[in-house]
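Here are a few notes to go with your first look at this one. Keep the viewer open as you read.

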Amino acid sequence: AYLDSHVQPLSCVKDATLYHFRRFTRGVYCIKATTTKSLAKLFYQFLDCCPVLDEGLEPRFNLYAWYKASTHEYRAMVVLRTELRSHHFYSTGPDHLTIGPGAAEMAGVFVAPCEEDFVKATVPQLTEMLQEVSVSAEDEAMIDSRLTRTQPTIEVGIVSAPQIEFEIISDGAGPQRVSVEDGRINYNGTLFDELYFDSVTPSTLFAEPSFIIREVTIGIDFHWQRRQDQKFAGSLKFIAEGDNVVAINRIGLEDYLLSVISSEMRAGAPLELLKAHAVISRSWALARMEDRRKVCGGIPGQAGNDGKGGGNDGRGAGNDGACHLPHLNYDVCADDHCQRYQGLTVAVGENVRRAIDQTWGRVLRYGGSLCDTRYSKCCGGLTEIFSTCWEDRDYPYLQSVPCPYCDCHDRALLSTVLNDYDLETADFHDWEQRYGRQELSALVLDRTGVDYGTIESLEPVERGPSGRIKYLRINGSRQSGVIGKELAIRRALSSSHLKSSNFQVSTEGDTFILKGKGWGHGVGLCQIGAAVMASEGKGYIEILQHYYQGANVEQQQ
Ligand SMILES: [Zn+2]
Ligand SMILES: [Zn+2]
């Protein structure tokens, strides 16, 4: 009768609707469907939103299903449970009752095999019995929220190349190819302005893979550059940009974060660290989406693949109203220039799912505005301020704060934070780089394009509060010059990227010795420091408020 009344559904798929039944114990849900397939589909979607207890494989529940011939409908009721039995069953005292509760009781029919139980059982006792085995009010609220919450769609530029090979997983057509011809997309000999392969992404759950892109290069120009096939969830769009075709992944923001966090850190990382990371990555991505929506027309700012050794560079973060978007045709790119995104190629662990789920939609704000949530691998003891690395401005929440945490040699903890190829760079807190004079001169010429002649000395002109060099004077036999800021210095002094610009220079004969601290720009959250804080039991909000002073975690509207 309840299902025949006009109640508000909680969720639906094609041909099936889900309701929360609130007239019995907690955690009772009903599904109405016109096909068994749609009933099963919605049922499994629903189960994904239910709590799994005690490391079990699936949620605990009683299930009742029937076919209603008069309306040609399949119907099901699911009663979620925590315990198998209430304390009454085990009690040896006067409140003992040899009553399940099993499937019959959870449907409201109490079976009392012993007559004495039938005589003495009271309504409060039976009510208590149901209460004890039903899911908690918090779990119930969580299920309802998972079923009804939504996520904005983000557009991610995955790869740009003259030709791209891909495969749509569900269509069975096998590997396909697109290329550019006359500024349009050539797909099987037909030219398109834009090519779109849609995929229905459920808003309540994490999406399954829907397509594959062949041979994507990741970590462009970094010491760990490599190529691999990559799997993605969400929809796929191709557009032409000059002589290249660009593959764009349209995907829910939370699904995007699932992959980003998994790429950035191991699933075994402390949960509170993963949650802190989910909030900063979400804030960062939303800021890029807002920027793109705000700005338009005009020519985007120079993009360039001038990433950095770990951590986001947060380019295009300038909210100065001008058209400085690093990417015009999508919100973010998939490389370290924005946030490393490898779709579902990366293994997604349970802890990462939990971290996104528990912080769903939460962002970091300062005075109502989204924070510029920069982060890097290891600050080296003190975090850096914005103006040492980028434009001449600073933010109240990006102060230089002491970080007594990141001088960490616990390989077990580090291996949960860094991916394999990042572990190859294990000397991150204190490092040393040596160059012969001729080697350094040739390197700087190659990296900067400026001929200083034979380099005589390197002189730090100005440092930021963490010790990172902001401007560096290069004195050579032909000329002298000043380079900066932080990233330019790191690029000039290494064939890939120097770990940081926080170093002291000395010489031994014709050898230059750079003794450095830290890895990355050091602004905002220090990932290794945050990992240590989390392993010491600190919560994600406390971690975030340490590195972003005065900022608050808020629910995105
Ligand atoms: Zn980018
Ligand atoms: Zn640190």
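1. Before the first stop, a word on naming: helices (H or I, at least four residues) and strands (E, at least two) are DSSP runs, numbered from the N terminus. Bear in mind too that this is a predicted model.

2. Start with Gln339, in the loop that runs between strand S16 (332–333) and helix H9 (350–359). Gln339 is buried, its relative accessible area being 1%. Setting aside neighbours within four places in sequence, Gln339 has contacts that include Tyr256, Trp284, Cys333 and Tyr375.

3. Next, the zinc ion (ligand 2). Which residues hold it? The protein donors are the SG atoms of Cys379, Cys403, Cys406 and Cys526, at 2.3 to 2.4 Å from the ion. The site is tetrahedral, and angles among the four donor atoms run from 106 to 116°. For reference, the ideal angle for four tetrahedral donors is 109.5 degrees.

4. Along the chain, the zinc donors follow the spacing C-x23-C-x2-C-x119-C. Cys379 sits in the loop between strand S19 (375–376) and helix H10 (386–389), and Cys403 in the loop between H10 and helix H11 (411–417), so this pair ties together parts 24 residues apart in sequence. Both Cys379 and Cys403 are buried.

5. Finally, have a look at the open sheet of three strands, ordered S21-S22-S23 with antiparallel pairing. Strands S21 (455–463) and S23 (480–484) are the edges, each pairing on one side only. From one strand to the next, the twist averages 20°.

6. Within that sheet, S22 (residues 469–476) and S23 pair over five bridges, and Ile474 has Gly481 in S23 as its bridge partner. Helix H13 (residues 437–448) lies across S21 and S22, at about 60° to S21.

Terms used
Residues numbered from 1 in each chain as written. Chains lettered and ligands numbered in written order. Predicted model: local features only at pLDDT ≥ 70, side-chain atom pairs only at ≥ 80, totals over all residues. Heavy atoms only, no water. Donors = N, O, S within 2.8 Å, 3.2 Å for Na, K, Ca; no water. Tetrahedral: all angles 85-135°; square planar, octahedral: opposite > 155°, others 65-115°. Buried < 20%, exposed > 50% of the residue type's maximum accessible area, 1.4 Å probe, protein only. Contact = heavy atoms within 4.5 Å. Pairing = 2+ DSSP bridges. Axes fitted to C-alpha atoms, helices over the stretch in contact; angles between N-to-C directions.
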